[in-house]
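Hi,

Here is the structure I promised to pass on.

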Amino acid sequence: MLTQVDAERVQTSVEIDYGLAEVYGDDHAALLVMAEMLNFGVGKVRMELGASYGTYAAVDADRPRVLIGGEIDSARADEGLVAIYAAIEELRAREDFERRFAFARRSVLQRMINAQGDPKEFANTLAQAINAGQSYAYFRDLAAKVAALEPKQVHAVVDRVLKPERSVTMLQGPKAGVEK
């Protein structure tokens, strides 16, 4: 775990990274759904603990990784970090997996569909394709892969990616949030 005391900050920034060799490829659909499942899980820091205005999980294609983080109230940073780790562990342990999978897959597909109807999002998708050396057809096919995705495919990605020894945790904030 990397920590940095920053006396000027009020909140404690938490970032947990799981590095990836690549995002674009056979596991892309499963990575997106897994990240959405994590996003729902780490939302408990806000919804149940009230210790943050927002925590998140996402796939970062620019620096291939699964990123989990957010700004947490420094007085409750230890509780927030424990809740984030618990959400990751729940996914590894397959707790309520099928239900979470169904909601996450629907959410990822909905975002993909919405991107098609929004000119700005559509342009962003095209730019992503070009930057990744992919054609626009890749993203059309990706939506079909998400729609056809099965829980066992996400299980395999969870088992491969969300290993504790593959993670890096970074905390930055006031002494009260970093040193607990």
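Of the 180 residues in the chain, 40% are buried (under 20% relative accessible area, with exposed meaning over 50% and partly exposed in between, using a 1.4 Å probe and protein chains only). Before you read on, note that this is a predicted model, where local features need pLDDT of at least 70, side-chain atom pairs count only at pLDDT 80 or more, and totals for chains, interfaces and linings use all residues. Residues are numbered from 1 along each chain as its sequence is written, and side-chain values use heavy atoms, with hydrogens and water left out.

First, the overall picture. There are 8 helices and 5 strands in the chain (DSSP runs numbered from the N terminus: H or I of at least four residues for helices, E of at least two for strands). Along the sequence they come in the order β-β-α-α-β-β-α-α-α-α-α-β-α. With a radius of gyration of 17 Å, close to the 16 Å that the globule rule gives for 180 residues, the chain is as compact as a globular protein of that length (the radius is taken over C-alpha atoms, and the rule is 2.2 Å times the number of residues to the power 0.38). Along the principal axes, the C-alpha atoms fill a box of roughly 50 × 35 × 30 Å.

If you take contacts (heavy atoms within 4.5 Å) between residues at least 6 apart in sequence, 78% of them join residues at least 24 apart. The accessible surface is about 9600 Å², and carbon and sulfur atoms account for 53% of that (Shrake-Rupley method, 1.4 Å probe; for residues, only the protein chains shown count as cover).

Now the rings. The chain has 4 aromatic pairs (Phe, Tyr or Trp rings, the six-membered one for Trp, with centres within 6.5 Å; planes under 30 degrees apart are stacked, over 60 edge-to-face, the rest tilted). One of them is Tyr24 with Phe139, an edge-to-face pair at 6.1 Å centre to centre and 80 degrees between the planes. Tyr24 sits in the loop between β2 (11-19) and α1 (28-42) and Phe139 in helix α6 (residues 136-148), so this pair ties together parts that are 115 residues apart in sequence. Both residues, Tyr24 and Phe139, are buried. Phe122 and Tyr136 have ring centres 5.2 Å apart and planes at 65 degrees, so they are edge-to-face as well. Here Phe122 comes from helix α5 and Tyr136 from helix α6, so the parts tied together are 14 residues apart in sequence. Phe122 is partly exposed at 29% relative accessible area, and Tyr136 is partly exposed at 24%. Ring pairs also link Tyr24, Tyr138 and Phe139 into a cluster.

Leaving out residues up to four places away in sequence, Thr125 touches Ala115, Tyr136 and Phe139.

Last, some backbone angles. Most residues other than glycine have a negative phi. Arg94, however, has a positive phi near 65 degrees, in the loop between α3 (77-92) and α4 (97-117). Asp96 lies in the loop between α3 and α4, and its phi is positive too, at about 55 degrees. Arg94 counts as partly exposed at 26% relative accessibility, and so does Asp96 at 39%.

Cheers
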